[in-house]
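Thanks for taking a look at this one with me. Here are a few numbered points to read alongside the model.

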Amino acid sequence: MIIDSLVERAIRREAPSRAEALAVLSDEHELLDVVAAAGRVRRHFFGHRVKLNTIINMKSGLCPEDCSYCSQRLGSASDILKYSWIGADEVVEAADRAVRAGAKRVCLVASGRGPGDRDIARVVERVEAIRDRRPEVEICVCLGLLRDGQAARLREAGAHAYSHNLNTSEENYGRICTTHTFTDRVETVRQAMAEGLSPCSGAIFGMGESDEDVVDLAVRLRELDPDSVPVNFLIPFEGTPMGGRWELTPERCLRILALFRFFFPDVEVRLAGGREIHLRGMQSLALHLANAIFLGDYLTSEGQPGEDDRQLIVDAGFTIEGLDEQTLPAARHDLVALRRRGAGTDLPSNA
C-alpha cells in the first residue's frame with residue numbers, strides 16, 4: 001500500500017515524505033518491490049527510452065580545491081592524466097565521435113575552482129565549434145564556481161546546460177571539502193539558471209553519508225528544480241583520502257536510484273560515474289530507474305566500452321533516445337493559472 005502510494009504521488013509530481021524516503025533506503029520494503037514501483041514512474045514519464053551523454057575532459061588534474069573524493073584534487077597522488085586545455089579541434093572530434101555513437105548530450109568539463117575570463121573565452125570557442133559541426137547536439141558545460149555574466153556568455157555561444165553537483169548533504173559537506181562550501185555550489189546552480197542555462201545538479205554516494213544525508217540532499221536538490229540529476233557512485237581512487245572506501249553494494253545503489261526517481265519523477269535522472277564497479281551485473285536493473293547514462297569514459301577513469309553500453313540497453317529491453325526526441329515530458333501549461341483577481345479587477349486577492 002505504501003509503495004503504491006509513492007507511485008501515485010510521484011506521477012502527480014509530489015515528493016515522498018521523509019519517513020517514506022527513509023523506508024525506501026532501508027530493508028523495510030523488498031528491493032525488487034521498490035525497483036518495480038520506481039520503474040513504473042520512470043516508464044510513465046520516459047517510456048523505454050535511454051538518453052546517452054558523454055564527457056569530454058578539456059583540462060585534467062592540478063585543481064586547487066581539496067574535494068576528498070576527487071582524483072584531480074589538491075595533493076592528489078592518483079596517477080591520472082594531467083594536462084592543460086586541449087585544442088578546439090580535439091574537442092570537436094571527440095564530440096563528433098560521441099554523437100556518431102549515439103550521444104545526445106556532450107558534457108564539456110574542466111578542472112579548477114572556477115573559470116577566469118580567458119577560460120570562458122576558450123570554452124566559448126569550443127562550444128561554437130561543436131555547434132558548427134553538430135548543431136543538433138545538447139552541450140552541457142561544467143567549470144566549477146561561476147562569476148556574474150559567465151553563464152550568459154556560455155548560453156549565447158550555444159551551450160544548453162550547466163552542471164554543478166551538490167554532491168552530498170549540507171551537514172556532511174564540510175567533511176568532504178574545506179576550500180568551498182555547500183552554499184557556494186547552490187548559488188552557482190542558481191546563477192546558471194538565472195542566466196538562462198538548464199540546471200544539471202546531482203550527487204556522489206559512497207562517501208560515508210547516512211540515510212538522513214541522502215534524503216536531505218534529495219530535498220535540497222528538489223528545491224533547486226534541476227532538469228537533470230546525475231547520480232554518481234564514489235570511485236575510490238588510490239591517492240585520495242577516500243581511496244579506501246568500498247562501502248557501496250548493488251542493492252544500496254539501486255535503492256538510492258529508486259529514491260531519486262520518486263523525488264524527481266519527470267526529471268532526467270542519469271546513471272553516472274562508478275556504475276560499472278558498484279552495480280556490476282545489476283546495471284540493467286538500474287535502467288528501470290534512470291533514464292540516462294554516460295557513454296564511454298569519465299573524467300579520469302575509464303568506463304566500459306560504448307558497444308557494451310549499447311548492448312546493455314538493448315538486452316534490458318530499452319531503446320536509445322534519438323537526437324530529435326524530447327527528453328523531458330511536455331511542458332505543464334496546466335500549472336500556469338492566469339490571474340483574474342486582485343489588483344485591476346473587481347475581485348479580492350487571495351492574500
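1. A word on the annotations before anything else: UniProt positions are given in the numbering used here, feature names are shortened, and annotations may be inferred rather than shown by experiment. Please keep in mind that this is a predicted model, where local features need pLDDT of at least 70, side-chain atom pairs count only at pLDDT 80 or more, and totals for chains, interfaces and linings use all residues. Residues are numbered from 1 along each chain as its sequence is written, and side-chain values use heavy atoms, with hydrogens and water left out.

2. The unreviewed UniProt entry marks Cys63, Cys67 and Cys70 as "binding site". Cys63, Cys67 and Cys70 from this set also belong to the lining of the largest cavity. Here a cavity is a set of points, on a 1 Å grid over the protein atoms alone, where a 1.4 Å probe fits but cannot get out, and lining residues have an atom within 4 Å of a point.

3. Cys63 sits in the loop between β1 (49-59) and α4 (88-100); helices (H or I, at least four residues) and strands (E, at least two) are DSSP runs numbered from the N terminus. Cys63 is buried, at 12% relative accessible area, where buried means under 20% (1.4 Å probe, protein chains only). Beyond four places in sequence, the contacts of Cys63 (heavy atoms within 4.5 Å) include Arg73, Ser111 and Arg113.

4. Cys70 is also placed in the loop between β1 and α4.

5. The same record, an unreviewed entry, lists residues 48-275 as "domain: Radical SAM core". The end C-alpha atoms of that span are 20 Å apart, and the span is 37% helix and 18% strand.

6. Now for α9 (residues 211-224): the buried residues of this helix include Val214, Leu217 and Leu221. The buried residues of α9 pack against several elements, among them α8 (182-194), β7 (228-233) and α10 (250-263). Just after α9, Asp225 has a positive phi of about 60°.

7. Lastly, is Arg270 buried or exposed? Arg270, in strand β8 (residues 268-271), is buried, with a relative accessible area of 1%.

Terms used
On a 1 Å grid over the protein atoms alone, a cavity is a set of points where a 1.4 Å probe fits but cannot get out, and a pocket is an open set with protein on both sides within 12 Å along at least five of seven lines; lining residues have an atom within 4 Å of a point. Buried means under 20% relative accessible area, exposed over 50%, partly exposed in between (1.4 Å probe, protein chains only).
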